[in-house]
Amino acid sequence: MKFFIDTADLAQIREAQELGVLDGVTTNPSLMAKVGIKGAAAVEQHYIDICNIVTGDVSAEVISTDYEGIVREGEHLASLHPQIVVKVPMIKDGVRAIKYFTSKGIRTNCTLVFSAGQALLAAKAGATYVSPFIGRLDDVSTDGLVLIEEIRTIYDNYGYQTQILAASVRHPMHIINCAKIGADVATCPLSAITALLKHPLTDNGLAQFLADAQKFA
Ligand code: E4P
């Protein structure tokens with residue numbers, strides 16, 4: 001399973017990249033606003049800065065919601081850097097735009113997906129990635145992991161190449177369960193990735209080994 005980091009924070013992206021397990025980055029307008037990016041030029045430079053830190057795909061989200069606007073904005077974002085994947089919302093004009101981008105060889109990430117039907121449409125339009133938001137489903141008492149299972153079954157039934165990018169991941173058990181189900185990618189906060197490292201028996205065992213090493217130092 002690929003690991004993407006879900007942030008626009010350059011320090012966190014660098015830290016995840018240095019860990020050596022990072023395969024890409026996802027951003028969204030809220031994450032960009034959170035790091036204080038203002039103005040079109042700054043936004044574009046920020047995407048380029050992210051691409052220069054990581055080696056994998058970097059999702060940059062369009063803000064337009066009409067077909068012509070999504071196409072114009074997406075083509076511009078894709079021209080910024082070869083690692084950019086155009087993130088498009090799951091709306092009618094978004095699906096049309098994904099189909100257009102697919103025909104032009106522009107890679108896409110269909111975002112704000114909350115149902116299997118939406119994921120099926122994204123795959124039929126040729127999206128490179130589909131982003132089911134599992135944490136936000138959990139927030140409304142609906143098991144987000146069930147959606148990942150449904151999409152996995154549907155895509156496997158028909159051999160759709162669209163990669164399932166589990167999004168809105170909140171904690172390490174989301175990552176582990178997505179891996180068990182067979183999600184292609186999990187995009188996670190840095191805290192969820194580093195939480196995978198931790199086990200008290202590892203800490204205790206290391207402390208004991210280091211103490212014993214002093215005996216023959
Ligand atoms: C990533 O592509 C999504 O935009 C992101 O995972 C949403 O996460 P949130 O539900 O924590 O805002």
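Author: Helices here are DSSP runs of H or I with at least four residues, and they are numbered from the N terminus. With that convention, helix 3 is the element that gives the most to the lining of the second largest pocket, contributing four residues. The model is a predicted one.

The second largest pocket has a volume of about 210 Å³. Its lining consists of Pro29, Met32, Ala40, Val43, Glu44, Tyr47, Glu61, Ile63, Glu73, His76 and Leu77. Helix 2, helix 3 (40-53) and helix 4 (67-80) are the elements that each give two or more residues to this lining. Sorted by class, the lining of the second largest pocket holds seven nonpolar residues, three charged residues and one polar residue.

The largest pocket may now be considered. Its volume is about 430 Å³. There are 25 lining residues, and those closest to the centre of the largest pocket are Asp6, Thr7, Asn28, Leu31 and Lys34. At least two residues of the lining of the largest pocket come from helix 2 (29-34), and at least two come from strand 5 (108-113). Helix 2 gives the most to this lining, with three residues. By class, the lining of the largest pocket comprises ten polar, nine nonpolar and six charged residues.

Helix 2 therefore deserves attention in both places, as a run of residues defined by DSSP: it gives the most to the lining of the largest pocket, and it is also among the elements that give two or more residues to the lining of the second largest pocket.

Methods. Residues numbered from 1 in each chain as written. Predicted model: local features only at pLDDT ≥ 70, side-chain atom pairs only at ≥ 80, totals over all residues. Heavy atoms only, no water. 1 Å grid on protein atoms, 1.4 Å probe; cavity = no way out; pocket = protein on both sides within 12 Å on 5 of 7 lines; lining within 4 Å. Points joined across faces, edges and corners; volume = space filled by probe spheres on them. Nonpolar A, V, L, I, M, F, W, Y, C, P; charged D, E, K, R; others polar.
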